Amino acid sequence: MNKAILPFVIYLGYFVIGIVSFIISPTLPLIIKDFGISTAIAGSIFTAASLGGFIGALGGGVLSDLFGRKFLVILGCLFQIIGFGLIALSRSWALILILFFLTSLGRGFLSISFNTIISDINPDRRGAALNTLHGIYGIGNLLGPMLAGVVLSLNYDWRVIYYGAAAIWLVFLVINMPI
């Protein structure tokens, strides 16, 4: 991949992470209703996601050293695609929890990879490059739940949001393949 394009692709990836990270916010009330669960049980989504993110961030560095960043980015994208796609299809609460773990595991892999790549390609301005990367994530965090809210306000089922997240990651994976 052209070295001039690489930062843009990485920034785009972190933006996408930001978009999908908090789509749970506007969809959780509908998930609670759909599965007929209490808010206390629904809160286990956050435990599953946090555990996945922790393991992804912790193990991502080791896997990156063993198999390379490209492998980890592809694996992270695949976990996002599979996880979000199956969340949209699932009728099992237990499976939903496993899939939130999987998507967050993939997000941890992607975060480690993107941070490392940006740091490596900006050796003289690592701090500024990482600030930009994380600022872009913040913009995605702002826009993702808002976009999900707009889709839900148009009376689409909550599952459409997760199909959309899977589709966004599929497009990113195709764009990312030359890295």
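Reader: Which residues in α1 meet residues in α6?

Author: Leu6, Pro7, Ile10, Tyr11, Gly13, Tyr14, Ile17, Val20 and Ser21 in α1 meet Arg107, Leu110, Ser111, Phe114, Asn115, Ile117, Ile118 and Ile121 in α6, where contact means heavy atoms within 4.5 Å. The residues of this contact divide into 12 nonpolar, four polar and one charged. The model is predicted: local features need pLDDT of at least 70 and side-chain atom pairs pLDDT 80 or more, while totals for chains, interfaces and linings use all residues. Residues are numbered from 1 along each chain as its sequence is written, and side-chain values use heavy atoms, leaving out hydrogens and water.

Reader: What makes α1 roughly antiparallel to α6?

Author: Helix α1 (residues 6–21) and helix α6 (residues 93–121) pack at about 150°, their axes 10 Å apart. Angles over 145 degrees count as roughly antiparallel, so α1 is roughly antiparallel to α6.

Reader: Why is Asn115 called buried?

Author: Buried means under 20% relative accessible area, with a 1.4 Å probe and protein chains only. Asn115 has 19% relative accessibility and therefore counts as buried. Asn115 lies in helix α6.

Reader: What joins the side chains of Asn115 and His134?

Author: A polar contact of 2.7 Å joins them; the term denotes a pair of N or O atoms within 3.5 Å, where, within protein, one must be able to donate a hydrogen and the other to accept it. Another polar contact, of 3.2 Å, joins the side chains of Asn115 and Tyr14.

How values were computed:
Axes are lines fitted to C-alpha atoms, for helices over the stretch in contact, and angles run from 0 to 180 degrees between N-to-C directions. Helices (H or I, at least four residues) and strands (E, at least two) are DSSP runs, numbered from the N terminus. Angles under 35 degrees count as roughly parallel, over 145 as roughly antiparallel, 65 to 115 as roughly perpendicular and the rest as oblique. Ala, Val, Leu, Ile, Met, Phe, Trp, Tyr, Cys and Pro count as nonpolar, Asp, Glu, Lys and Arg as charged, and the others, Gly among them, as polar. Buried means under 20% relative accessible area, exposed over 50%, partly exposed in between (1.4 Å probe, protein chains only).
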